[in-house]
Amino acid sequence: MIKTSLDLANMIAAAASEKKARDIVMMKMVDLTPATDYFVVCSAGSTTQVRAIADSIEEKLQEDEGIGFMHKEGYREGEWVLMDYGDCVAHIFLQDSREYYSLETLWGDAELTAYED
């Protein structure tokens, strides 16, 4: 059962991990932006894997918690999929795109927590 935005972030990270996402980090955005509490950022090796991770997150949250995303972008292209769950936003990147956009640097004041299962 999801009680907090951190619980939601952990569930998103776990679903990404099930599809072998790499370098999963949770970025605490509280006090940095009013838009969301956490970013969950991860990498994939192919556009197919990016979509598989997005599908896993969507299915896990819908089936287990009855939670649907508010907005999803980038799925067709598969280079960077953004899934907005309100209190938490998932960012699933191809490795090159993650390095290019460098959210961890852009939001350098965010507290980072590496996800480990």
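I began with a pair of residues: Val 81 has Ile 92 as its bridge partner in strand E5. The model is a predicted one, in which local features need pLDDT of at least 70 and side-chain atom pairs pLDDT 80 or more, while totals for chains, interfaces and linings use all residues. Residues are numbered from 1 along each chain as its sequence is written, and side-chain values use heavy atoms, with hydrogens and water left out.

I take two strands as paired if DSSP finds at least two bridges between them. Helices (H or I, at least four residues) and strands (E, at least two) are DSSP runs, numbered from the N terminus. Asp 84 has Val 89 as its bridge partner in E5. The hairpin of E4 and E5 has three residues between the strands, and Gly 86 takes a positive phi near 80° there.

**Entry: the other side of E5**

I then looked up the pairing with E2, which is parallel and runs over seven bridges. Ser 43 stands opposite Phe 93 in E5.

**Entry: the sheet**

I wrote down the strand order as E3-E4-E5-E2-E1-E6, an open sheet of six strands with mixed pairing. Strand E3 (71-73) and strand E6 (111-114) are at the edges with a single partner strand each, so one side of each has no neighbour in the sheet. Neighbouring strands of this sheet are turned by 15° against each other on average, direction ignored. Axes are lines fitted to C-alpha atoms, for helices over the stretch in contact, and angles run from 0 to 180 degrees between N-to-C directions.

**Entry: helices on the sheet**

I checked what helix H1 (residues 5-18) touches: it packs on the sheet against strand E1 (22-28), strand E2 (38-44) and E5, and its direction makes about 5° with that of E2. Contact here means heavy atoms within 4.5 Å. Helix H2 (residues 47-65) also packs on the sheet, touching E2, E3, E4 and E5, with its direction at about 160° to that of E5.

**Entry: burial of E5**

I found seven of the seven residues of E5 buried, so the strand is largely enclosed by the rest of the structure. Buried means under 20% relative accessible area, exposed over 50%, and partly exposed in between (1.4 Å probe, protein chains only). Cys 88, Ala 90, Ile 92 and Leu 94 point one way from E5, Val 89, His 91 and Phe 93 the other way.

**Entry: His 91**

The side chains of His 91 and Trp 80 are joined by a polar contact of 3.1 Å. A polar contact is a pair of N or O atoms within 3.5 Å; within protein, one must be able to donate a hydrogen and the other to accept it, and residues adjacent in sequence count only if both atoms are side-chain atoms. Beyond its neighbours within four places in sequence, His 91 is in contact with residues including Phe 39, Val 41, Leu 82 and Leu 103.

**Entry: the whole protein**

I recorded four helices and six strands, in the pattern α-β-β-α-β-β-β-α-α-β along the sequence. Buried residues are 41% of the 117 residues.
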